Amino acid sequence: MDFDRELDAIASYMKSGGKAVALTGAGISVDSGIPDFRSEGGLWARFDPMEYATIDAFRRDPKRVWEMVFELEETVLNARPNEAHYALAELEKRGLLEAVITQNIDGLHQLAGSREVIEFHGSAARLVCLRCESRVPAKEIARCPPEPPICRCGGIYKPDIVFFGEAIPPAAVAAASYWASHCRLMLIIGTSALVSPASEIPVAALGAGALLVEANLGPTPLSALCAHRIEGSAVTTLPALVAAL
Ligand SMILES: [Zn+2]
């Protein structure tokens, strides 16, 4: 793989009007200090997701699940966007990127300035009350660990992320499917997009005639479907792409 040649090919396609959509995953936020939950030092190494991240577990014993949530919030709510997040915001500003579909729950795309962000798995930057369903910015609600935060209505707050056993928000599914069928290029960043239903997004884009481009550390199961690949961490590859445009 010749990095510069791949980069030039992607850049000239984008400049020629091949409007792009990005699909991002854990890899883009690693350099913001958020390890992939599924990696060795990740959250799921210490908290079995089947015990701590299912909606049934939350309803049964919210206080126990909040042990995990307090730790997750500690990492995620203090994180700052990195050069890769800023690069995508810059591409959108220049009219070269239509939207970011993210599997991440860290809210870093919005903090970097991206406007059209589809949060496939929700966001830890918000809390949702399980009783009245109101949503509030997570940072506005006081915490008294180990007690879960409580809404004014008396209901228990849950981070507004998609727990196992919960459906992907229908608006996110609809928006992702719209962009998959309307983009000319899908930039897949920091994800092997193996987990369904997010895994269906690149396949749908390909089926609709879009070019798939991958920016990952190395080859993934998606590589065979991609017209171009740039290898490296997202903080390297995305600023290089912006520079090539
Ligand atoms: Zn409430």
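**Entry 1: the zinc site**

I began with C129, which counts as buried because its relative accessibility is 1% (buried means under 20% relative accessible area, exposed over 50%, partly exposed in between, with a 1.4 Å probe and protein chains only). Before going further I noted that this is a predicted model, in which local features need pLDDT of at least 70 and side-chain atom pairs count only at pLDDT 80 or more, while totals for chains, interfaces and linings use all residues. I also noted that residues are numbered from 1 along each chain as its sequence is written, and that side-chain values use heavy atoms, with hydrogens and water left out.

Which protein donors does the zinc ion have? I found C129 (SG), C132 (SG), C151 (SG) and C153 (SG), lying 2.3 Å from the ion; donors are N, O and S atoms within 2.8 Å of the metal (3.2 Å for Na, K and Ca), and since water is not among the atoms, sites may look incomplete. The 4 donor atoms subtend angles of 101 to 118° around the zinc ion, so the arrangement is tetrahedral (four donors count as such if all angles lie between 85 and 135 degrees). For reference, the ideal angle for four tetrahedral donors is 109.5 degrees.

I then read the spacing of the donor residues along the sequence as C-x2-C-x18-C-x1-C. C129 lies in strand 4 (residues 122-129) and C153 in the loop between strand 5 (135-137) and strand 6 (157-161), so this pair ties together parts that are 24 residues apart in sequence; helices (H or I, at least four residues) and strands (E, at least two) are DSSP runs, numbered from the N terminus. C153 is partly exposed, with a relative accessible area of 30%.

**Entry 2: backbone details**

In the loop between strand 5 and strand 6 I also placed P146, which is joined to P145 by a cis peptide bond with omega of about 5°.

E133 sits in the loop between strand 4 and strand 5 and is exposed, with a relative accessible area of 56%. A193 lies in the loop between strand 7 (185-189) and helix 9 (200-207), and at 5% relative accessibility A193 counts as buried.

**Entry 3: helix 10 and its partners**

How do helix 1 and helix 10 pack? Helix 1 (residues 3-15) and helix 10 (residues 234-244) pack at an angle of about 55°, with their axes 9 Å apart; axes are lines fitted to C-alpha atoms, for helices over the stretch in contact, and angles run from 0 to 180 degrees between N-to-C directions. The two helices are therefore oblique to each other (under 35 degrees counts as roughly parallel, over 145 as roughly antiparallel, 65 to 115 as roughly perpendicular and the rest as oblique). On the helix 1 side F3, L7, I10, A11, M14 and K15 meet T237, A240, L241 and A244 of helix 10, contact meaning heavy atoms within 4.5 Å.

Helix 6 (residues 83-93) packs against helix 10 at about 25°, with the axes 8 Å apart, which makes helix 6 roughly parallel to helix 10. Among the residues making this contact are A84 and L88 of helix 6 and A234 and L238 of helix 10.

Key:
Four donors count as tetrahedral if all angles lie between 85 and 135 degrees; four count as square planar and six as octahedral if opposite donors are over 155 degrees apart and all others between 65 and 115; anything else is irregular.
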